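Dear colleague,

Please find the structure below, together with its sequence. My notes on what was found in it follow directly after.

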Amino acid sequence: MQVGEQVGGQPGGAAARRRKRDREATRRRILDAARDLFGEHGYDGVTVRMIAGRAEANTALVHRYFGSKAALFGEVLAGESMIRGVIAGDPGGLPRRLAEHFVRQVDQRSVTAMSRMLDRSAGHPEVKEILLRYLEDVIVEPMVAQLQGPDARARALLASTIIMGGGPVRRMVGLGDLRAADPADLTDRLTAMFTAALAPSVHRET
């Protein structure tokens with residue numbers, strides 16, 4: 001047995017775990033740097049070189065881990081979103097969970113990193129494509145999986161318009177009036193809206 005070797009290959013295993021931790025830490029630094037820079041400057045004002053510099057990495061690593069700036073933006077967006085966890089759970093409680101999530105977002109006094117990213121980037125053509133994929137993969141399809149009965153996708157899309165519509169309203173009008181409303185009443189009203197949107201259609205006979 002050579003010097004430094006141990007039965008079971010422990011040194012090699014420890015080195016592999018350390019490399020994995022290093023990769024994960026570097027990846028996390030890149031994501032954090034991208035989130036902050038996209039929030040500060042918008043998608044168009046940020047380069048891969050800027051992200052690498054903020055993360056104390058190099059551009060080759062950014063491309064290796066994420067492929068492109070657009071893919072990195074999409075991963076930051078998905079990582080910052082809490083809606084996936086809101087949708088998961090008991091299907092019967094989905095309308096209430098969505099309403100509570102909406103009210104929490106309204107009551108958010110400080111602008112979140114995700115809000116800053118979207119406010120400064122939403123008009124960019126590449127970001128529009130990313131948002132479409134985000135809407136499909138993170139919101140619509142998980143909701144469809146929760147629904148029973150016909151027209152599940154149409155119902156999920158209808159509920160999605162309530163969820164996603166809060167962003168443009170915040171950017172154009174502000175949320176002061178909603179924040180002034182009673183949170184319990186607002187939650188009840190939104191629960192009714194989500195319940196109606198997600199319920200199977202009632203076809204009326206003519």
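In these notes, a residue is called buried if its relative accessible area is under 20%. The model is a predicted one, and the values given here were computed from it.

By that cut-off, F38 is buried, since its relative accessible area is 0%. The relative accessible area of F73 is likewise 0%, so F73 is buried. Y43, with 2%, is buried as well.

These residues also belong together through their rings. Ring pairs join F38, Y43 and F73 into a cluster. Across the whole structure, the search returned four aromatic pairs. One of them is formed by F38 and Y43: the ring centres are 5.8 Å apart and the planes stand at 15°, so this pair is stacked, the limit for stacking being under 30 degrees. F38 also pairs with F73. Here the centres lie 4.9 Å apart and the planes are at 70°, which means that the pair counts as edge-to-face, a class that requires planes over 60 degrees apart. F38 is part of helix α1 (residues 10-41), whereas F73 is part of helix α4 (residues 69-80); the pair therefore ties together parts that are 35 residues apart in sequence.

K69 is placed over the face of Y43, at 4.2 Å from the ring centre. H124 is in contact with Y43 and D44, when the neighbours of H124 within four places in sequence are left aside.

H124 itself is found in the loop that runs between α7 (113-121) and α8 (125-146). A polar atom of the H124 side chain lies 3.1 Å from the backbone nitrogen of E126.

As to the protein overall, there are 11 helices and zero strands. Of its 206 residues, 36% count as buried, F38 being one of the residues in that class. Where contacts join residues at least 6 apart in sequence, 67% of them are between residues at least 24 apart. The accessible surface amounts to about 12200 Å², and carbon and sulfur atoms account for 54% of that surface.

With kind regards

Key:
Residues are numbered from 1 along each chain as its sequence is written. This is a predicted model: local features need pLDDT of at least 70, side-chain atom pairs count only at pLDDT 80 or more; totals for chains, interfaces and linings use all residues. Side-chain values use heavy atoms; hydrogens and water are left out. Rings of Phe, Tyr and Trp (its six-membered ring) pair if their centres lie within 6.5 Å; planes under 30 degrees apart count as stacked, over 60 as edge-to-face and the rest as tilted. Buried means under 20% relative accessible area, exposed over 50%, partly exposed in between (1.4 Å probe, protein chains only). Helices (H or I, at least four residues) and strands (E, at least two) are DSSP runs, numbered from the N terminus. A charge sits over a ring if NZ of Lys or CZ of Arg is within 6 Å of the ring centre and within 35 degrees of the ring normal. A polar contact is a pair of N or O atoms within 3.5 Å; within protein, one must be able to donate a hydrogen and the other to accept it, and residues adjacent in sequence count only if both atoms are side-chain atoms. Contact means heavy atoms within 4.5 Å. Accessible areas come from the Shrake-Rupley method with a 1.4 Å probe; for residues, only the protein chains shown count as cover.
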